[in-house]
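Let's take a walk through this structure together, one piece at a time. Have a look at the picture, and then follow along below.

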Amino acid sequence: MLDEPLRILIAALICWFNFVTIDLIFKLPERGGVSGATAIAQEVEKGGGNLNGGYMMGNIVSSPDASAGTLLASCGVYCAGLPGGLFAALLVYIGNRICYDPGYAGTTGCITATLIVYGAVQSGWFAASDFIAGMVIAILTIQGLSSVHASRLIARLWKIRCRLLRGCT
Amino acid sequence: MEDQVPVVAGVHMIAIYVCAVIAVYAALRVIIERNTMRKLPFLNVVSFAITGIIALLLPHPLTILAAAAFFVGSTFESNAIASTWSGGMKRNG
């Protein structure tokens with residue numbers, strides 16, 4: 001096993017790619033799911049950011065999405081192994097419905113994250129706790145550093161996703 | 001499954017410190033940011049960090065229920081604040 005700080009950084013990268021990929025596939029940057037998410041996006045745009053990136057940030061705030069799924073899957077695997085991660089997926093599904101979110105980004109992200117985290121723990125290279133701290137670092141880079149730069153980065157990835165998978169308006 | 005659960009909390013202290021430092025940093029950003037809507041993403045980071053700390057400090061199968069309940073609850077609160085601030089729910093019909 002590597003040193004814990006290095007493992008946490010690698011886990012942060014894995015978590016980042018997992019939740020950003022799932023969120024982009026499920027079109028979170030396309031529009032605000034609820035009026036609050038749209039309002040956050042407009043404020044981000046007013047502050048010099050990008051509207052599509054703002055939509056994704058607003059959607060992450062307003063409902064448990066793939067990032068929440070990744071965090072709760074890591075917590076589930078840390079506390080109770082594979083069944084814990086799958087139970088977390090059920091809780092994220094319920095959380096989505098509580099927050100008026102009709103999408104499946106959170107549940108899907110939670111299931112993929114459960115498989116990734118469980119696989120990484122089984123391989124012996126990582127501990128599940130690395131992924132909990134890693135996901136907190138990953139969400140910090142999107143939501144916690146600069147809304148302007150994060151929204152522009154998401155918008156750039158959103159354009160790439162639209163070119164590759166189509167289906168965007 | 002039993003052998004994966006650490007017996008003593010504190011085995012992964014660096015992970016807990018990382019979460020705690022990020023929670024305090026994000027809380028400071030919430031205080032410094034003047035715009036209410038732009039406070040919410042920072043508040044979201046605080047929720048993530050605290051959920052992580054809850055799970056790391058209490059390695060017990062039921063912890064996942066507590067962590068998820070806290071996280072979904074705080075997300076729902078942010079959702080309510082943002083929707084109210086933007087003029088109420090517009091998709092009820």
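## Helices that meet

Let's begin where two helices from separate chains cross: the crossing of α6(A) and α1(B) is left-handed. This is a predicted model, so please keep that in mind as you read. Which residues make this contact? On the chain A side, α6(A) brings A:Ser129, A:Asp130, A:Ile132, A:Ala133, A:Val136, A:Ile137, A:Leu140 and A:Gly144. Facing them from α1(B) are B:Ala15, B:Val18, B:Cys19, B:Ile22, B:Ala26 and B:Arg29. Sorted by class, the residues of this contact are 10 nonpolar, 2 polar and 2 charged.

How do we describe such a pair? Two packed helices are described by the angle between their axes and the distance between the axes. For α6(A) and helix α1 of chain B, which covers residues 13–32, the angle is about 20° and the axes are 9 Å apart. Because angles under 35 degrees count as roughly parallel, α6(A) is roughly parallel to α1(B).

Now stay with α6(A) and turn to a partner within chain A. The axes of α1(A) and α6(A) come within 7 Å of each other and cross at roughly 60°. These two helices are therefore oblique to each other, and their crossing is right-handed. From α1(A), the contact uses A:Arg7, A:Ile8, A:Ala11, A:Ala12, A:Ile14, A:Cys15, A:Trp16 and A:Phe19. From α6(A) come A:Asp130, A:Phe131, A:Ala133, A:Gly134, A:Met135, A:Ile137, A:Ala138 and A:Thr141. Here the classes are 12 nonpolar, 2 polar and 2 charged residues.

Let's step back to the whole contact between the two chains. Chain A puts in 47 residues and chain B puts in 45 residues. On the side of chain A that touches chain B, at least two residues each come from α1 (4–25), α2 (35–46), α3 (51–62), α4 (66–98) and α6 (128–144). Which helix gives the most to this side? That is α4(A), with 15 residues. By class, this side of chain A divides into 30 nonpolar, 14 polar and 3 charged residues.

Finally, find A:Glu30, which sits in the loop between α1 and α2 of chain A. Is A:Glu30 buried or partly exposed? A residue needs 20 or more other C-beta atoms within 10 Å to count as buried, and 12 or fewer to count as exposed. A:Glu30 has 17, so this residue is partly exposed. Now look across to A:Gly103: A:Glu30 and A:Gly103 are 73 residues apart in sequence and 13 Å apart in space, C-alpha to C-alpha.

Technical notes
Residues numbered from 1 in each chain as written. Chains lettered and ligands numbered in written order. Predicted model: local features only at pLDDT ≥ 70, side-chain atom pairs only at ≥ 80, totals over all residues. Contact = placed C-beta atoms within 7 Å. Helix = DSSP H or I, 4+ residues; strand = E, 2+ residues; numbered from the N terminus. Nonpolar A, V, L, I, M, F, W, Y, C, P; charged D, E, K, R; others polar. Axes fitted to C-alpha atoms, helices over the stretch in contact; angles between N-to-C directions. Parallel < 35°, antiparallel > 145°, perpendicular 65-115°, else oblique. Left-handed = near helix turned anticlockwise from the far one by under 90°.
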